[in-house]
Amino acid sequence: MVKMTNEIKDIVAKQKPLPIATADKSGKPNVVFVTMWKILDDETLLFVDNFFNKTRKNLEVNPNMAIVVYDSDAKKSYQLKGTVDIENKGDKYTSAKEMADSKKLPGKAAVVFHIKEIYDATYGPNAGKKLA
Amino acid sequence: MVSMPDEVMKMFDNPDCDKMKVLSWVSTVTEDGAPHMAPTCFIKTVDNDKLLIGISFMSRTTSNIKNGSKVAVANAVYPNGYMIKGSGDIQTSGKHFEDVKERISKRYGGKIKAKAALLVKVEEIYHLKPAEGKKRIA
């Protein structure tokens, strides 16, 4: 099992906005920035779909997603790769909806990101090194 | 022909990796269809239809492009952001490579060297903002 360290979780928690990459079936990448998510546990993040357009379409045909978190003060960066489940009911959806409601945003779905791989993305010779 | 408006050019122009400017995020796709993403600060516009990125590390990005992946490059000063989609070309000689080599070498006093230049031909431009609807502007 791949787990985020406390250091990575701290960066995930404070970064805004966060870039997320998806790909369509033909292999074309897409990047958007999001501001609404929370850490569910050491290996799972919950993103709220408010205005996903291409991202949502891509995830429905290709559940792979990558995010990069970056701490400019500590000069540390990590790439997290994994797959998502899109949920329209249940506890995680309720939680996503509550987050969206508090900002008067649509909260269309919970995008549950299961982290499968973690890479160092810090500028330097270790960039790209698989950490977990 | 797609050409970048001034406000887009401004967002992607950071030739000497000024840390006060936002990072740009370069996404490609692996052979198995999964997205990959790497940050860069060495980026500038060329003419008004290309981005030039200096590569010192980015080994996975490089191999993905060599395997035929398209490229998406995005950055944001929230809530405004832009994304460019296009075709990438990895160059290890010629004027673009010499250009990034000189800038990276100068920035790091020779401690970090350029491995390649990534030239992205701009094919689609998106204005990313937290709102409903299509975001493509060119």
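The model is predicted: local features need pLDDT of at least 70, side-chain atom pairs count only at pLDDT 80 or more, and totals for chains, interfaces and linings use all residues. Residues are numbered from 1 along each chain as its sequence is written, and chains are lettered from A and ligands numbered from 1 in the order in which they are written.

Chain A contains three helices and seven strands. Helices (H or I, at least four residues) and strands (E, at least two) are DSSP runs, numbered from the N terminus. Along the sequence, the pattern of chain A is α-β-β-β-β-α-β-β-α-β. The C-alpha atoms of chain A occupy a box of roughly 40 × 35 × 25 Å along the principal axes. For 132 residues, a compact globule would have a radius of gyration near 14 Å, and the 14 Å of chain A agrees. This radius is taken over C-alpha atoms, and the globule rule is 2.2 Å times the number of residues to the power 0.38.

Of the 132 residues of chain A, 43% are buried. A residue is buried if 20 or more other C-beta atoms lie within 10 Å of its own, exposed if 12 or fewer, and partly exposed in between, with C-beta atoms placed from the backbone. Among contacts in chain A with a separation of 6 or more, 60% join residues 24 or more positions apart. Two residues are in contact if their C-beta atoms, placed from the backbone, lie within 7 Å.

The strands of chain A build an open sheet of seven strands in the order 2-1-5-6-7-4-3, with antiparallel pairing. Two strands pair if DSSP finds at least two bridges between them. Strand 2 and strand 3 (37-41) of chain A stand at the edges, each with a single partner strand, so one side of each has no neighbour in the sheet. The twist averages 30° from one strand to the next. Axes are lines fitted to C-alpha atoms, for helices over the stretch in contact, and angles run from 0 to 180 degrees between N-to-C directions.

Strand 3 of chain A runs antiparallel to strand 4 (residues 44-49) of chain A, and four bridges join them. Here A:Trp37 stands opposite A:Phe47 in strand 4 of chain A. Helix 1 (residues 6-14) of chain A packs on the sheet and touches strand 3, strand 4, strand 5 and strand 6 of chain A. The direction of helix 1 makes about 90° with that of strand 5 of chain A. Helix 3 (residues 91-102) of chain A lies across strand 4, strand 6 and strand 7 (109-120) of chain A, at about 100° to strand 7 of chain A.

In chain B, an open sheet of seven strands has the order 2-1-5-6-7-4-3, with antiparallel pairing. Strand 2 (35-40) and strand 3 (43-46) of chain B are at the edges, each with a single partner strand, so one side of each lacks a neighbour in the sheet. The twist averages 30° from one strand to the next.

Strand 5 of chain B has six of its seven residues buried, so it is largely enclosed by the rest of the structure. Strand 5 of chain B pairs antiparallel with strand 1 of chain B over three bridges. The bridge partner of B:Trp25 in strand 5 of chain B is B:Ala74. Strand 5 and strand 6 of chain B pair in the antiparallel sense over seven bridges. They form a hairpin with two residues between them. B:Val77 stands opposite B:Asn80 in strand 6 of chain B.

Strand 6 (residues 80-91) and strand 7 (residues 116-128) of chain B are antiparallel and pair over 11 bridges. B:Ile84 faces B:Ile125 in strand 7 of chain B as its opposite residue. Helix 3 (residues 95-107) of chain B packs on the sheet and touches strand 4, strand 6 and strand 7 of chain B, its direction making about 50° with that of strand 4 of chain B.

The contact between the chains takes 30 residues from chain A and 31 residues from chain B. Strand 1 (18-23), strand 2 (29-34), strand 5 (64-71) and strand 6 (76-87) of chain A each give two or more residues to the side that touches chain B. That side of chain A has 16 nonpolar, 11 polar and three charged residues. Ala, Val, Leu, Ile, Met, Phe, Trp, Tyr, Cys and Pro count as nonpolar, Asp, Glu, Lys and Arg as charged, and the others, Gly among them, as polar. B:Ala74 touches residues of both chains, including A:Pro19, A:Val31, B:Tyr82 and B:Leu128.

Conventions:
Lists of a residue's contacts leave out its neighbours within four places in sequence.
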